[in-house]
Amino acid sequence: MLLAEVARVSREVAEASARSRKSALLAELFAAAPAEEAALVISYLAGRLPQGRPGIGWRALARESEPAAEPTLTVAAVDAAVTELAAVAGPGAQAERYRLVDALLGAATEPEQRFLRSLISGEVRQGALDAVALEGVAAAAGVPAAELRRAVMLDGSLPRVAAAVLADGAQALRDVTLRVGQPVQPMLANTAKSVAEALAALGPSAMEEKLDGIRVQVHREGDDVRVYTRSLDEITDRLPEVAELARSLPGERFILDGEVIGQSADGRPVPFQEVASRVGSRVDVSAARQALPVVPYFFDVLAAGDEVLLDQPVRERYEALAALVPEDRRVRRLVVEDPVGQAADAEEFWAETLRRGHEGVMAKALDSAYAAGRRGKHWLKVKPVHTLDLVVLAVEWGHGRRTGLLSNLHLGARAADGSYAMLGKTFKGLTDEMLRWQTARLLELATSDDGYTVRVRPELVVEIAYDGLQRSPRYPAGVALRFARVLRHRPDKRAEQADTVETVLADGS
């Protein structure tokens, strides 16, 4: 299939406002895709490269390249080129990457070049992400979307399941089952503003400490143990402590869901970034283990023995978990059978969790199943809300759906010497109306524009919500915001009324 067809549909999906229209456009394309290319086409329309991010920055992608006059570039050729790009390493790597990018863009027409730049940079935002892409596949294959969604949850890969169902129809769905050794997409949580709100929404619930670590899914089949991340990457060799614990448990066959954290000598959790660095280390695992031992805590079990537990309620899954995992390796929890009568107990559990250094609590309806891959209404997370008023120091031009708009904000706090210390970037939380307004306003404040980043006078204040701070040597204050998102612009505030670095550090301590 020509890449031009994929680029065309991506553009039309971005322009379509109705979800039904988006799904119909995708269904038509997926039905026309050759069986051997279906998984690639679906990945591209969902904004992903099967190889992951190939390490190509905008400096390489923004280089001028004369577009091809006619579309001849195929999806398969793009896949081969990206595979070659991802493999480049060693001396002269940058020059070789530039050469390969130039060759790929030179084989593409202008619309294809725009799509490729967005795809390679991870900026495809035309609304054709997994949920809509899944609906398009279901329509193309003539299968119920709910059955396809469950199969994808169990398999962990929309492109893989979609390719099978487009080739073999409904039978492919029946062949997908939960298997030890095959990671499944984890169940996710929505947000509640308070413990009271969570209990009112859920009724009888389990309150659990929300640990700020690395989500892990642990599979055991006899002596074979595998550990997967939330994104389904295998990291068994980087977490020998987890594998050792799994082998020590009484069950011979199971799938556990949990969190890995680091702890200081007094038992308090260490910052997330330290754990992420430990898990991300690919060299000298023994040295990394000695420098920062990590501890797994488990809160759910998806399978035990020959029994699949996904459809069992939380209260029954926890009984199975307790039979497998000792209490000191289970996440601390409080069962709230009576949300009204036990409200004070739930609030105290929340307060104690924060005093212990954790980031909040999870509330889980006791009668709820494990909805793999879904951010459902039966799990609610409650965390303290951090907000700051920060100053916009610069902004990046958007891509894909945000082409022509100023999108990614560079955020700074006031420093003691009167300058501004950058704390990170975000494009999250911005509505279309907010994007249009800030584009107009920031262009009025612009001092330079290199075609990618617009530097502005530090005058516009924005209210930012964030989940906490992480250490960062990249920024002058030594910290960066975690999961920052824009709540609103504050044109009513002057820059000198924005928060200071001192305030930021105190709020995140």
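1. Let's start with Leu 232, which is buried, with a relative accessible area of 19%. The cut-off for buried is under 20%, so at 19% Leu 232 falls on the buried side. Keep in mind that this is a predicted model. Leu 232 sits in the loop that runs between strand E4 (224-229) and helix H13 (240-248). Its backbone deserves a look too: phi of Leu 232 is near 75°, a positive value in a residue other than glycine.

2. Phe 483 is another residue to check on the backbone side. Its phi is near 55°, again a positive value in a residue other than glycine. You'll find Phe 483 in the loop between strand E18 (479-482) and strand E19 (485-489).

3. On to Gly 404, in the loop between strand E11 (386-397) and strand E12 (406-414). At 48% relative accessibility, Gly 404 counts as partly exposed. Which residues does Gly 404 touch once its neighbours within four places in sequence are left aside? They are Trp 397, Gly 398 and Thr 439.

4. Thr 353 belongs to helix H17 (residues 343-355). Its relative accessibility is 0%, so Thr 353 counts as buried. Not counting residues up to four places away in sequence, Thr 353 touches Glu 209, Arg 332, His 358, Gly 360 and Val 361.

5. Now for some helix packing. Helix H3 (residues 38-45) packs against helix H10 (residues 158-168) at an angle of about 135°, and the two axes are 8 Å apart. That angle makes H3 oblique to H10, because the roughly antiparallel class needs an angle over 145 degrees. The crossing of H3 past H10 is right-handed. On the H3 side the contact uses Ala 38, Ala 39, Ile 42 and Ser 43, while H10 brings Leu 158, Pro 159, Ala 162, Ala 163 and Leu 166. Sorted by class, the contact of H3 with H10 comes to eight nonpolar residues, one polar and no charged.

6. The other helix pair is H5 (residues 75-87) with H6 (residues 93-106), packed at an angle of about 170° with axes 10 Å apart. H5 and H6 are therefore roughly antiparallel to each other. From H5 come Val 78, Ala 81, Glu 84 and Leu 85, and these meet Arg 97, Arg 99, Leu 100, Val 101 and Leu 104 of H6. What is the class make-up of the contact of H5 with H6? There are six nonpolar, no polar and three charged residues.

7. Last, the core. The largest nonpolar core has 79 residues, and those touching the most other members are Val 6, Val 41, Tyr 44 and Leu 148. Which helix gives the most to this core? H6 does, with six residues.

8. Leaving aside neighbours within four places in sequence, Leu 148 is in contact with Leu 134, Val 137, Ala 138, Val 143, Val 161, Val 165 and Leu 173.

Methods
Residues numbered from 1 in each chain as written. Predicted model: local features only at pLDDT ≥ 70, side-chain atom pairs only at ≥ 80, totals over all residues. Heavy atoms only, no water. Axes fitted to C-alpha atoms, helices over the stretch in contact; angles between N-to-C directions. Helix = DSSP H or I, 4+ residues; strand = E, 2+ residues; numbered from the N terminus. Parallel < 35°, antiparallel > 145°, perpendicular 65-115°, else oblique. Left-handed = near helix turned anticlockwise from the far one by under 90°. Contact = heavy atoms within 4.5 Å. Nonpolar A, V, L, I, M, F, W, Y, C, P; charged D, E, K, R; others polar. Core = buried A, V, L, I, M, F, W, Y, C linked by side-chain atoms within 4.5 Å. Buried < 20%, exposed > 50% of the residue type's maximum accessible area, 1.4 Å probe, protein only.
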